Amino acid sequence: VNGPGHSQMSGSNECYIQRVTSPWDEMQVSWNTQPSTTTENQVMLRASNYDLEDYVINVTNLIQDIIDNPDQGYGLMLRLVNESYYRRMLFASSDHADETKHPKIVIEFE
């Protein structure tokens, strides 16, 4: 990665969050072996305003899809709308040394 975080050097880095619809292995996945996704109920994530911006995103419909169809729920994928050089969204994984940077889903019951 060249740079500290999100990048829009060649244009907008807006992206989608999509539901993954096929199995994948964290230790084996790559660009060439990425799992399939669906655009149904995908969420548009606006372009970043600065390099180290954090996001709060409502993924209720995507999680409900996984609950309703557990045999088709393999997680979520971030996908740039335009996958071009020098555009990126960069987020910490659950392996990041700083636990406050780990992604999380908060479920609220009404």
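**Exercise 1. A glycine and its contacts**

Leaving aside neighbours within four places in sequence, which residues is Gly73 in contact with?

Solution. The structure is a predicted model.
- Step 1: locate the residue. Gly73 sits in the loop between helix 1 and strand 4 (76-80).
- Step 2: list the contacts. Apart from neighbours within four places in sequence, Gly73 is in contact with Val20 and Ile66.
- Step 3: check the accessibility. Gly73 has a relative accessible area of 24% and is therefore partly exposed.
- Step 4: consider a distance. Gly73 and Ile17 are 56 residues apart along the chain, and their C-alpha atoms are separated by 14 Å.

**Exercise 2. Salt bridge between Arg19 and Asp65**

State how far apart the closest N and O atoms of Arg19 and Asp65 are, and work out which parts of the chain this salt bridge ties together.

Solution. 
- Step 1: apply the cut-off. A salt bridge requires a side-chain nitrogen of Lys or Arg within 4 Å of a carboxyl oxygen of Asp or Glu. The closest N and O atoms of Arg19 and Asp65 are 3.9 Å apart, and the pair forms a salt bridge.
- Step 2: Arg19 belongs to strand 2 (residues 15-20) and Asp65 to helix 1 (residues 60-68), so the pair ties together parts that are 46 residues apart in sequence.
- Step 3: check burial. Arg19 is buried at 4% relative accessible area, and Asp65 is buried at 9%.

**Exercise 3. A nonpolar surface patch**

Name the residues of the nonpolar patch on the surface and classify Ile107 by its accessibility.

Solution. 
- Step 1: name the members. The patch is formed by Leu76, Ile105, Ile107 and Phe109, which together have about 460 Å² of accessible area.
- Step 2: locate Ile107. Ile107 is found in the segment after strand 5 (87-88).
- Step 3: classify Ile107. Its relative accessibility is 57%, so Ile107 counts as exposed.

Conventions
Residues are numbered from 1 along each chain as its sequence is written. This is a predicted model: local features need pLDDT of at least 70, side-chain atom pairs count only at pLDDT 80 or more; totals for chains, interfaces and linings use all residues. Side-chain values use heavy atoms; hydrogens and water are left out. Patches are made of residues with over 30% relative accessible area and no salt bridge: like charges are joined within 9 Å, nonpolar side chains (Val, Leu, Ile, Met, Phe, Trp, Tyr) within 5 Å. Accessible areas come from the Shrake-Rupley method with a 1.4 Å probe; for residues, only the protein chains shown count as cover. Helices (H or I, at least four residues) and strands (E, at least two) are DSSP runs, numbered from the N terminus. Buried means under 20% relative accessible area, exposed over 50%, partly exposed in between (1.4 Å probe, protein chains only). Contact means heavy atoms within 4.5 Å.
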